[in-house]
Amino acid sequence: MNLKIHRLVVLTCMVAHPFYAREALADNSTLVYCSEGSPESLNPQQMLSGTARNATTTTIYDRLVDFAPGTTRVVPALAESWTVSDDRKTYEFTLRRGVKFHTTSFFKPTRDFNADDAVFSFNRQLDANHPFHRVGGGLYQYFQGMGMDKLIASVSRVDDYKLRIVLTRPEAPFLANMAMPFMSILSAEYGAQVLAAKTPANLDIQPIGTGPYAFKSYLKDSTIRYTANAQYWNGKPKIDNLVFSITPDASVRLQKLKKGECQIAVSPTPADLPAIKQNKQLVLAEADGLNIGYLAMNVEKPPFDNVLVRRAVAHALNKQAYIDAIYLGNAKAAINPYPSTMWSYTEEVRKYPYDPAQAKALLAQAGYDKGFSTTLWTLPVSRPYNPNGRKMGEMMQADLAKVGIKVELATYDWATYLAKVKRGEHQMVQLGWSGDNGDPDNFLYTLFSCDSVTRGSNNSRYCKEPFNGLISKARATYDTAERTQLYGKALATFSEDVPVIPIAHSKVYRALSSRVTGYEMNPFDLDYFSTLTLKDR
């Protein structure tokens, strides 16, 4: 995220009312959602974290296609239908008519959504000459990190309600990628308005979309407010007001939930799960997570440029101890960068069981028989894939000390943490990933391709053949059996190189007030609000 724009968000949107708790207690027209952190952006084109996805993707914006609730199946959204050419390189989308953009205090649309808005939104990321391309720094980490700028040859308007996208090559996960947050639709008319007013940053700071909730205000590290879109094409939301209460501490989130100050709390700590289950006023929703928590080593920095050192670190970490102490058993030890529930998973890879003696031997072989000193950044927010970054960091610190690696722990606020990792300032860093589209490409290419080193989410900065060639070939292949073989080879290569140490695949949880009805867990760890209702007290 561009830090300049982040500061602009803080300065221009500090207008939220502090008494959201009183409002939430008053009636059934307001739902308060206790989130775990501040979004790094209010534009899904410019963000990566699950925190920001929940604050934008299921509230403000829509996409041409979406995923059916609770599944990874692609379904129509702003596009009613689409066709694909025989060579699989040309997609034509027939767009939905009568879709309204939000009417707010800062924007009143004069027309409905049409193809111009899709062209505007996609070309902002694709075209370096687009008037908004460099607003916010010109970095579109998902779009660029997934190679979409190399994949899409052109985006064009056929007529008001038909859009054509031409690709440079076939791409098996393309349609699923179109349902991801970074392909959300912005308003071209609003873009023209803020450009004419010489306030282009407002496009991202005071966002306009077609989604079920319209943005109202944002007070950084405190609250985000939304109001229901009465003209939403898929039906007006049943709750009039939505408030994100930004609450990094999981225990505080739970206390707010118990007091009725919020009705949904993300990522309760494993230690609190039994108490939530026993509380008749609360409901615990759970699902197997499509996620991975990992420790990344910056392969561009010594000593982690040495594969023997990386293997030594892998053998030094007692993953099962972390799962027992931090996840309280609500996770599985990981050997691959995505879970076994995803197709193409294989266990035919190099494994790194806990073995301090082997770790010491590998360090000696690498020339570090006396060990070395390094810094490990611990996750500053509670995420399903890592509920307690500090505690895990302390356990990792102790494990690594046993083999002669002296570790200093550090952390930063979430936005700063992500920005510094993006710049490659770290040595070792805790991070993780929740899948966005149900395709292995979303883990392997997004997190570990050469494209994603400087422009995406490749936090280990790993770029190596044959791994990169295997995952590139797999995404250009439509045959699932062939893709499975390619991903199997890629996983085997990855495990030999071990740029990150997969730690755990966790279950995901939401704690809810028993007043909430209509809630459904989502495989991408997103929360949908438009169909929820609140029962009387």
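The axes of helix 17 and helix 19 (residues 467–475) come within 10 Å and cross at roughly 135°, where axes are lines fitted to C-alpha atoms, for helices over the stretch in contact, and angles run from 0 to 180 degrees between N-to-C directions. That angle makes helix 17 oblique to helix 19; angles under 35 degrees count as roughly parallel, over 145 as roughly antiparallel, 65 to 115 as roughly perpendicular and the rest as oblique. On the helix 17 side the contact is made by Asp441, Leu444, Tyr445 and Phe448, and on the helix 19 side by Phe467, Ile471, Ser472 and Arg475, with contact meaning heavy atoms within 4.5 Å. By class, these residues divide into 5 nonpolar, 1 polar and 2 charged (Ala, Val, Leu, Ile, Met, Phe, Trp, Tyr, Cys and Pro count as nonpolar, Asp, Glu, Lys and Arg as charged, and the others, Gly among them, as polar).

A word on the basis: this is a predicted model, in which local features need pLDDT of at least 70 and side-chain atom pairs count only at pLDDT 80 or more, while totals for chains, interfaces and linings use all residues. Residues are numbered from 1 along each chain as its sequence is written, and side-chain values use heavy atoms, leaving out hydrogens and water.

Helix 17 also meets helix 20 (residues 480–497), with axes that come within 12 Å and cross at roughly 45°. Asp441, Leu444 and Phe448 in helix 17 touch Arg483, Tyr487, Leu491 and Phe494 in helix 20, a contact of 5 nonpolar, no polar and 2 charged residues. Helix 17 itself (residues 441–448) is mostly covered, with 8 of its 8 residues buried (buried means under 20% relative accessible area, exposed over 50%, partly exposed in between, with a 1.4 Å probe and protein chains only).

Tyr487 of helix 20 leads on to the aromatic pairs. The rings of Trp343 and Tyr487 have their centres 6.1 Å apart and their planes at 65°, so the pair is edge-to-face (rings of Phe, Tyr and Trp, its six-membered ring, pair if their centres lie within 6.5 Å; planes under 30 degrees apart count as stacked, over 60 as edge-to-face and the rest as tilted). The two residues are 144 residues apart, with Trp343 in the loop between strand 14 and helix 14. Tyr487 is buried at 0% relative accessible area, whereas Trp343 is partly exposed at 28%. Thr346, in that loop between strand 14 (331–333) and helix 14 (356–365), touches Asn336, Gly488 and Leu491, not counting residues up to four places away in sequence. Helices (H or I, at least four residues) and strands (E, at least two) are DSSP runs, numbered from the N terminus.
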